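Student: Could you show me how to read the features of a protein model, with the general idea given before each case?

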Amino acid sequence: MDDAAHGMAPKHDIFNTPNKIDFMLEDRPTPPQYRHYVGGEKLGETMKVWRVQTKRNSKGVDPGLVSEPSNFDSAPDAEIMSSGLNSKGPQSVAIGRHGNFLLWGFSADPDDLTDEGKLCLINCICYIHKFDRQAPLARKHKWTRGRAYAVAQTRYVKDESEEGFKRSYPEALRREFGRDGGKYREYYEKNMEFLNLTVEEFKFPDASGAPVYTALAMRYWVDEDAMAWGISNRTIALLDRCVTALEKNQDDEVARRLLARYTTQEFREAAEWRKWLDANRKRIFFSDIAGYKFLVAPRDLPTASP
Amino acid sequence: MRRVLLCLVPFMLLATLGFADPISLRVLYAGKPGSEREARITAFLQKHFTRVGKASLTEFKPADAADYDVVIFDWTPMAPEGRILPQPELPELDESYDRATVMVGHVGGSLGGQQHLKLDWL
């Protein structure tokens, strides 16, 4: 990341408390690679940025760090406060929080921050104190991706290697859409609320066909059970529908399949599921990065449902 | 009236940049001991917070944070002369670590990966 922020959440505490940040915006050329990322299509030739550092990347000032925005999906204890000029996409995370951890992605020391940058760093230190003793509710599986990346990755479809293509898309989709990235994008956007991710080993064959190298295949797929019910797989309404189905002996095969797929519980009786759901309703949330599961937080969540 | 306000603006900025009462937080800076960066950052923090301590990032233990409100994890530039230096060893933290923590720059990527956070290298 370079020296400036953009896409700030201006009402957020880190821009207002205890110091009110006056964004002195300036125009910079839009990084060309932004066009290929989600949110980059509509950007103009220049974009408004807020200079945080007085020095750009050079000897003594490292490039800063940005994180993948799609991993912030469905996260009750994670938030994105700002992006910044970077070599990836316009929504990459320059300042963000996950549980008790806050990322200040800018690398310059305070002597090389603008006055407003210094004030914002002070605000960040004050802000994260509110989350002392609040470890992250869910951690990333070693290899995972949030569902928003399903759309982001479609920009590679046309030029991806054959192996990479096979690792990224289910066979049925490859047969239907071929190398037309727009079709994948439309499909994933339309079905965003029903997406799931399968991660499995993928063997690269050598010339003789013997497997010689193993990588991971990460393929998004649409959950047709959830889609048939028309209920997002990341809302607690899905659990309500499942438990009600068990209680009424209606669609209970589908309900058990969904409960097994999206929870970590193994109850047999409808009454057990009902008891668990009602007892934990204020603490249940869905996490893509923790394995596309409903999890139970150790404390009540800020909102009653995920 | 406008003239009075214009005169006040520089003083208001000065107040927020170091001449106001320090914020009542105890901040522990865990970086590279003895480095120029450590000296600069702790000097900055001391202007703004009531108590500032120092620790080594590589040797940090959660118990070191017991008397502090916020921990800052940082390190010196990775490529000060244009070539990339070895990354520092990370502190040994397990998932029970829950202290309010700011991760600066590349340390955020490494530590975020170790901690399986959403915040890590893109």
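Student: What volume does the second largest cavity have?

Tutor: The general idea is geometric: on a 1 Å grid over the protein atoms alone, a cavity is a set of points where a 1.4 Å probe fits but cannot get out, and lining residues have an atom within 4 Å of a point. Grid points are joined across faces, edges and corners, and a volume is the space filled by probe spheres set on the points. In this predicted model, the second largest cavity has a volume of about 50 Å³. Its lining consists of Asp62(A), Ser107(A), Arg37(B), Asp74(B), Trp75(B), Thr76(B), Pro77(B), Val104(B), Gly105(B) and His106(B).

Student: On what basis are these values and labels given?

Tutor: The model is predicted, so local features need pLDDT of at least 70 and side-chain atom pairs count only at pLDDT 80 or more, while totals for chains, interfaces and linings use all residues. Residues are numbered from 1 along each chain as its sequence is written, chains are lettered from A and ligands numbered from 1 in the order in which they are written, and side-chain values use heavy atoms, with hydrogens and water left out.

Student: How many residues of each class are in the lining of the second largest cavity?

Tutor: Ala, Val, Leu, Ile, Met, Phe, Trp, Tyr, Cys and Pro count as nonpolar, Asp, Glu, Lys and Arg as charged, and the others, Gly among them, as polar. The lining of the second largest cavity has three nonpolar, four polar and three charged residues. For the largest cavity, with a volume of about 80 Å³, the lining has ten nonpolar, no polar and two charged residues. Among the residues lining the largest cavity are Trp104(A), Leu121(A), Tyr29(B), Arg37(B) and Leu45(B).

Student: Which helix gives the most to the lining of the largest cavity?

Tutor: Helices are DSSP runs (H or I, at least four residues), as are strands (E, at least two), and both are numbered from the N terminus. Helix 2 (residues 36-48) of chain B gives the most, with three residues.

Student: At what angle do helix 1 of chain A and helix 2 of chain B pack?

Tutor: Axes are lines fitted to C-alpha atoms, for helices over the stretch in contact, and angles run from 0 to 180 degrees between N-to-C directions. Angles under 35 degrees count as roughly parallel, over 145 as roughly antiparallel, 65 to 115 as roughly perpendicular and the rest as oblique. Helix 1 (residues 115-129) of chain A and helix 2 of chain B pack at about 75 degrees, their axes 12 Å apart. Helix 1 of chain A is therefore roughly perpendicular to helix 2 of chain B. In this contact (heavy atoms within 4.5 Å), Lys118(A), Leu121(A), Ile122(A) and Ile125(A) meet Phe44(B), Leu45(B) and His48(B).

Student: How is helix 7 of chain A oriented to helix 9 of chain A?

Tutor: The axes of helix 7 (residues 236-248) and helix 9 (residues 270-280) of chain A come within 9 Å and cross at roughly 150 degrees, so the two helices are roughly antiparallel. The contact includes Leu239(A) and Val243(A) of helix 7 of chain A and Trp273(A) and Leu277(A) of helix 9 of chain A.

Student: Where is the cis peptide bond?

Tutor: Most residues other than glycine have a negative phi, and most peptide bonds are trans. Here the bond from Thr17(A) to Pro18(A) is cis, with omega near -5 degrees. Pro18(A) lies in the loop between strand 1 (4-6) and strand 2 (25-29) of chain A.

Notes: On a 1 Å grid over the protein atoms alone, a cavity is a set of points where a 1.4 Å probe fits but cannot get out, and a pocket is an open set with protein on both sides within 12 Å along at least five of seven lines; lining residues have an atom within 4 Å of a point.
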